[in-house]
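Have your viewer ready with the selection panel open. We will take this one stop at a time.

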Amino acid sequence: MVPVKVGVIGIGNMGWHHVRVLSLLKDAELVGVADPDSARGHLATEQFGCKWFKDFKDLLEEVEAVCVAVPTLLHHQVGMACLESGKHVLIEKPIAASQDEAAALITASNKAKRLLQVGHIERFNPAFRELVKVVAKEEVVVLEARRHSPHAERANDVSVVLDLMIHDLDLVLEVANAPVVRLAAVGGRSSTGPLDYVNATLGFSNGVVASLTASKMSHRKIRNLSAHCRSSLVETDFLNHTLHIHRRAHESYSADHGELVYRNDGFVEEVSTTSIEPLYAELEHFLMCVRGKEIPAVDGAQASRALRLADLIEQAVENPGKGVSLAESI
């Protein structure tokens, strides 16, 4: 097959990784990168042998598809221009900064008949992929997500909900597989600026409860999702790509005189996962979607649902005591 001509718009931290991975994929021809930072652009040119464009609209003239990794507040502006020019688009999460912007992107995608995929990368984490397989045979009761990071200089234009928790909102929506009917949240900030610590609880129509915590005040990086099921506890570590299943057992052995000499209250299964980099898997999937071979794992509508929940969680935190009423399930 002829490689897909693709470019990357925005080569900050995440965009640089997009460039790195695309340069390795045989199904992609990395045409160029677009970023106003000339030093960053020239470095990409030297390292990956692609072109650099100061204005992303010049890049659009030479590609079939783009990965948009600009700051969240620019997602709408850049994404609209890309779709209106007839390009397939993978846009980093969150899809946009507001519901209205997300709706406009979805409408533009449908009108242009071009792909709009959203980069919820944890969908492609090997641990999550195995988790989905395991819980398909279980009755999930509670989902517990923790996503903590030490304070960083990146993504400080949005709250911890849009930067970190949005990942887990997407994941619990996928696992619970039911509408959200209840929502509550608390949180705060360490100083002025966006929220940097939030705990949210979601209630689903099928009885599943999800507890999510996101923090930029942590002293270490944590990326965990646990599924508490009727007959097991399934724990995933997204950083190490590991998954463990804890099951109950009540075996015991007694000596001749009746005293208990051995008891097993449970056992742990370690599930094997692949070592593939999630971004590598995500970009391979994007290229297959561009070719019409697959359907996006997270399309505009799915990403918009996660964004809507994120907006409501922020409202609940910023207006303590007032609560958030869901006029309809999400």
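Start by selecting Ala102, Leu105, Ala108 and Ser109 in helix 5: these residues are buried, meaning under 20% relative accessible area, with exposed over 50% and partly exposed in between (1.4 Å probe, protein chains only). Helices (H or I, at least four residues) and strands (E, at least two) are DSSP runs, numbered from the N terminus. Look down the axis of helix 5: its buried residues fall within an arc of 125°, so they line one face of the helix; the arc is that of the directions from the helix axis to the C-beta atoms.

A word on what you are viewing: this is a predicted model, in which local features need pLDDT of at least 70 and side-chain atom pairs count only at pLDDT 80 or more, while totals for chains, interfaces and linings use all residues. Residues are numbered from 1 along each chain as its sequence is written, and side-chain values use heavy atoms, leaving out hydrogens and water.

Now turn to the other side of helix 5 and pick out Asp100, Thr107, Asn110 and Lys111, which are exposed. Next, show what covers the buried residues of helix 5, including helix 4 (75–84), strand 5 (88–92), strand 6 (116–119) and helix 9 (300–318); contact here means heavy atoms within 4.5 Å. Just after helix 5, stop at Lys113, with its positive phi of about 55°.

For the last stop, select Ile9, Leu169, Leu202 and Phe204, which touch the most other members of the largest nonpolar core, a group of 80 residues. Such a core is a set of buried Ala, Val, Leu, Ile, Met, Phe, Trp, Tyr and Cys residues joined through side-chain atoms within 4.5 Å. Helix 7 (residues 160–176) gives this core its largest share, 12 residues.
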